[in-house]
Amino acid sequence: MLMHLRYLDAAESVDSQCLLLDYLVWLKGRFFYLGFSAADLQSSLQCLADAIAAEGSVRSVRQADMLRRALAELDQQPSEFSSLACSGPPITGAAMQFLSALLAWDLRTAEKLVIGAVNGGVAIPSIYLEVIAPAMHELGRLWYAARISVEQEHYVSSAAQVIMSQLYPRLFAAECKGPVLVAICAEGEPHEIGMRMVADLFQLEGWDTKFLGANVPPEAVVVLADQVRASVVAVSAMIATNVPAVAAQVIMLRAGPGGRGRKILVGGYPFNVDKDLWRRVGADGTAPDGRLAVMEANRLLAGGE
Ligand code: B12
């Protein structure tokens, strides 16, 4: 129940009906795969909407209304894999081999596949976006459908990062004379692989990147952005409940030293679901993946609005 309230709070605070609906669709599917009743979910959420409305404040009435509208739409949605977080074509080829090896706890085979491909001339962006990213998305679907364990989810994501780190001598081989990028995951956000990939692709394009990882305290970001004279700060969130933290980070950066001239990019799953969300959190732009993020940052620095 607490989790529902957090999603509702977040969706309301950034005025995003579609983020709330996406969460409920995801929840309905998760109930389906765990063998829980969809009718129970629907009636408990209906009770929640009534209890929130009974509070009577302007905010609670608005939240209850959002929840009721989302529930009416939820009825029309199928249960299996209908959330964007869990949809998409099945993975094939190298992505499937990479994931299968790690699901079998075999880091060596997954590592050989990646390092062998890079040694054979495959570009790092292709490895990231066509092998590792799809493998991670499939990992999420398998967890969602209760077909793998939590241990496997943790192992695969941690092993993927170990393998990505082995590409760092190549990523940082050239002297970086380009603009400075500070890349962080918003306060509370544990998913760091997406932001890490984005930062690495900036590095490959000659940017000087400072990637700080998951759950970064917002004040520290303001200090660092000033200290390293960042041209762009990139803020990532994967879980919708962390979108308000993205918005708060943007406000803090704008108010901090040098904040007016600095560009802020935001991204991650909620920004792919709600295409206009980046504007409502006060950012300068967004992009659905690392390659497009570099293009967007270059466009903004060249004076694009
Ligand atoms: C690995 C993983 C984890 C790991 C994270 C480890 C780590 N160190 O990062 C762990 C195990 C910790 C974890 C925890 C949880 N997770 Co998780 N996790 C995943 C998983 C499988 C992969 C994430 C990933 O690396 N994706 C690959 C990257 C490359 O994709 P990406 O993040 O979308 O990034 C790309 C773009 O979005 C974009 N981008 C990203 N950031 C930025 C920033 C900027 C500025 C720009 C421009 C672009 C951009 O570019 C990236 C590269 O192209 C996803 C499944 C999925 N669909 O991604 C679930 C998933 C995100 N997790 C989910 C959930 C529910 C959780 C938990 C709540 C429960 C759980 N599974 O244990 C907890 C969170 C607890 C908490 N404290 O909040 C759900 C979220 C559902 C939802 N409706 O939001 C997902 C979608 C799984 C699912 N299918 O249900 N998780």
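Where do Glu138 and Arg141 lie, and how many residues apart are they? Both belong to helix 7, which covers residues 124-144, and they sit three residues apart, about one turn of the helix. Keep in mind that you are looking at a predicted model.

**Charged partners**

Let's stay with that couple for a moment. The side chains of Glu138 and Arg141 come together in a salt bridge, with 3.0 Å from N to O. Glu138 is buried, and Arg141 is buried too. If you wonder about the general idea, side chains of opposite charge can pair when their charged atoms come close.

How many salt bridges does the structure hold? The count is 14.

| Salt bridge | N to O distance |
|---|---|
| Glu138 and Arg141 | 3.0 Å |
| Glu175 and Lys177 | 3.9 Å |
| Glu296 and Arg299 | 3.0 Å |

Now take Glu175 and Lys177, whose side chains meet at 3.9 Å. Is Glu175 buried or exposed? Its relative accessibility is 65%, and exposed means over 50%, so Glu175 counts as exposed. Lys177 has a relative accessible area of 70%, so this residue is exposed as well.

Glu296 and Arg299 bring us to helix 15, which spans residues 290-301. Both residues lie in that helix, three residues apart, about one turn. Why does Glu296 count as buried? Because its relative accessible area is 14%, and buried means under 20%. Arg299 has a relative accessibility of 36%, so it counts as partly exposed.

Salt bridges can also link up into a network, and this structure has one that joins Asp9, Glu12, Arg59 and Arg62.

**Rings side by side**

Next, look for the aromatic rings. There are 10 aromatic pairs in this model. One of them is formed by Tyr23 and Trp26, and this pair is stacked: the ring centres are 6.0 Å apart, with 25° between the planes. Why call it stacked? Because planes under 30 degrees apart count as stacked, and here the angle is 25°. You can find both Tyr23 and Trp26 in helix 2 (residues 17-34), three residues apart, about one turn of the helix. Tyr23 has a relative accessibility of 3%, so it counts as buried. Trp26 is at 16%, so it counts as buried too.

Phe32 and Tyr33 make another aromatic pair, this one edge-to-face, with 5.0 Å from centre to centre and 85° between the planes. Are these two residues buried, partly exposed or exposed? Phe32 has 40% relative accessibility, so it counts as partly exposed. Tyr33 has a relative accessible area of 21%, and so it is partly exposed as well.

To spot His191 in the chain, look in the loop between strand 1 (180-185) and helix 10 (193-204).

Methods: Residues numbered from 1 in each chain as written. Predicted model: local features only at pLDDT ≥ 70, side-chain atom pairs only at ≥ 80, totals over all residues. Heavy atoms only, no water. Salt bridge = Lys/Arg side-chain N within 4 Å of Asp/Glu carboxyl O. Helix = DSSP H or I, 4+ residues; strand = E, 2+ residues; numbered from the N terminus. Buried < 20%, exposed > 50% of the residue type's maximum accessible area, 1.4 Å probe, protein only. Phe/Tyr/Trp six-rings, centres within 6.5 Å; stacked < 30°, edge-to-face > 60°.
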